[in-house]
Structure formats: structure tokens, C-alpha cells
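Trainee: I would like to learn how to read helix packing and ring pairs in a model. Can we work through an example together?

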Amino acid sequence: MSDGDPSEDIMGATYRALCAHGYADLTMQDIADESAKSKAALHYHYDSKHDLLCAFLEYLYDGFVERTADVDGADPHERLLALVDAVLDKPDDDSEQFGTAILEIRAQAPYEPGFRERLTRFDDYLVDRLTDILEAGIDDGTFDPEMDSEDTARFVVTVLTGAATERVTAGRPTECTRRMLTEYVETHLLADTQEVEA
């Protein structure tokens with residue numbers, strides 16, 4: 001990020017430009033065309049398209065944390081399922097074109113350390129949130145005490161990431177993932193699984 005927090009105008013313009021042009025064809029001029037600022041003004045804040053997109057990923061991260069930080073639930077079981085729902089539900093203003101552009105950026109992560117670092121923050125945050133909920137559930141007897149909470153959290157994040165990718169690449173809805181993750185929680189993670197199955 002360059003000078004302080006990125007402005008809402010530049011971040012909104014970046015969103016609109018990504019929807020219209022995708023990642024590969026996106027230029028600073030495209031973003032300026034969607035903004036109240038000139039291309040020169042964009043370059044005053046960000047040296048390159050890469051720097052601007054790194055700031056945009058940070059902006060998206062802040063929004064993701066805000067959207068998922070306070071999920072409702074009377075107990076860890078309910079909070080776990082509520083967090084899964086919050087991740088699977090697209091924000092109201094999200095578009096398929098934007099999802100495709102973000103997938104293009106994700107595909108560049110192996111070659112772009114700046115992208116990789118910022119995208120990894122999303123996964124690490126979600127793993128930490130899920131791990132905290134699972135450990136709280138182990139402590140209060142909700143979840144199986146033999147479970148490895150961090151490994152389980154990483155597995156759930158992998159499933160959620162795959163569901164988001166399939167939604168963009170194949171147009172598949174996330175309802176199957178939601179249903180199967182709910183079943184997984186109730187048949188494999190709850191502390192009384194053996195008693196229920198017996």
C-alpha cells in the first residue's frame with residue numbers, strides 16, 4: 001500500500017475495471033476511466049498496476065474480515081456452520097465477472113509474491129477463525145476431543161476454496177458444498193458421533 005489507506009474511489013474503480021476487463025487486459029488507464037482520478041493521479045499513489053492490485057487485495061481482505069468476523073451462533077457448532085455460510089455466500093454486490101478476475105489474480109500467485117502473500121492472508125485468517133471455533137467446541141464438549149483442530153480447519157478451507165473456484169469456472173452453485181460440509185460436521189466432528197452411529 002502506498003500513501004495511507006487506499007481511497008474508496010480508487011478501490012471502487014479497480015473493482016469496476018476488473019469486472020469490465022478481467023485481470024490480463026487490465027491497464028491503469030482502464031482503472032482511471034472508472035475513477036474520478038487521472039492515470040497520473042493513480043501513479044502518484046501506486047507505482048504500477050501490480051502495486052495497485054496488491055492494495056486492492058488488502059482492501060478485499062479488510063472487507064472479508066468485516067463480513068465474517070462476528071458470525072452468530074449459540075454454541076461452537078452453530079458458529080462453525082454460520083462461518084461456513086458466511087464464506088460461501090457471495091456479497092450482494094459481487095459479480096461473476098469479478099469472481100473470474102480474482103481467479104485470474106489467484107492463478108498469478110505462484111509467480112507474484114505480492115499476490116501470494118496477500119491471498120495467503122485470507123486462508124490463514126480463515127484457518128485461525130475455524131481453529132478457534134473448533135478448539136472452543138473441544139473445550140466445552142461440543143466437538144470430538146481427538147480431533148486435530150488446525151488440520152480440520154485447513155481441510156475445511158480447502159473445500160471452501162474449491163467450491164469458490166468451481167462456482168466461477170463451472171458455474172456450479174455452492175449448495176452441495178454447504179450441505180456436505182454440514183453433514184461432515186455432524187457425522188465426523190461432534191463429540192457424540194460414535195454414540196449417534198451406534
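Predicted model: local features only at pLDDT ≥ 70, side-chain atom pairs only at ≥ 80, totals over all residues.

Trainee: What span does helix α5 reach from its first C-alpha to its last?

Mentor: Helices are DSSP runs (H or I, at least four residues), numbered from the N terminus. The expected span is 1.5 Å times one less than the number of residues. Helix α5 covers residues 76-88, 13 residues in total, and reaches 18 Å. That is close to the 18 Å expected.

Trainee: Is α5 mostly covered or uncovered?

Mentor: Buried means under 20% relative accessible area, exposed over 50%, partly exposed in between (1.4 Å probe, protein chains only). In α5, 10 of the 13 residues are buried, so defined. Among them are P76, H77, L80 and L81.

Trainee: Which helices do the buried residues of α5 pack against?

Mentor: Contact means heavy atoms within 4.5 Å. The partners are α4 (49-68), α7 (113-139), α8 (149-170) and α9 (175-189).

Trainee: What lies at the start of α5?

Mentor: A polar contact is a pair of N or O atoms within 3.5 Å; within protein, one must be able to donate a hydrogen and the other to accept it, and residues adjacent in sequence count only if both atoms are side-chain atoms. Here a side-chain oxygen of D75 comes to within 3.1 Å of the backbone nitrogen of H77.

Trainee: How many aromatic pairs does the structure hold?

Mentor: Rings of Phe, Tyr and Trp (its six-membered ring) pair if their centres lie within 6.5 Å; planes under 30 degrees apart count as stacked, over 60 as edge-to-face and the rest as tilted. The structure holds 9 such pairs. F56 and Y59 have ring centres 6.2 Å apart and planes at 25°, so they are stacked. Both lie in helix α4, 3 residues apart, about one turn. F56 counts as buried at 1% relative accessibility, whereas Y59 is partly exposed at 28%.

Trainee: Why is the pair of Y61 and Y125 edge-to-face?

Mentor: Their planes stand at 80°, with centres 6.1 Å apart, so the pair is edge-to-face. This pair links distant parts of the chain: Y61 is in helix α4 and Y125 in helix α7, 64 residues apart.

Methods. Residues numbered from 1 in each chain as written. Heavy atoms only, no water. Helix = DSSP H or I, 4+ residues; strand = E, 2+ residues; numbered from the N terminus.
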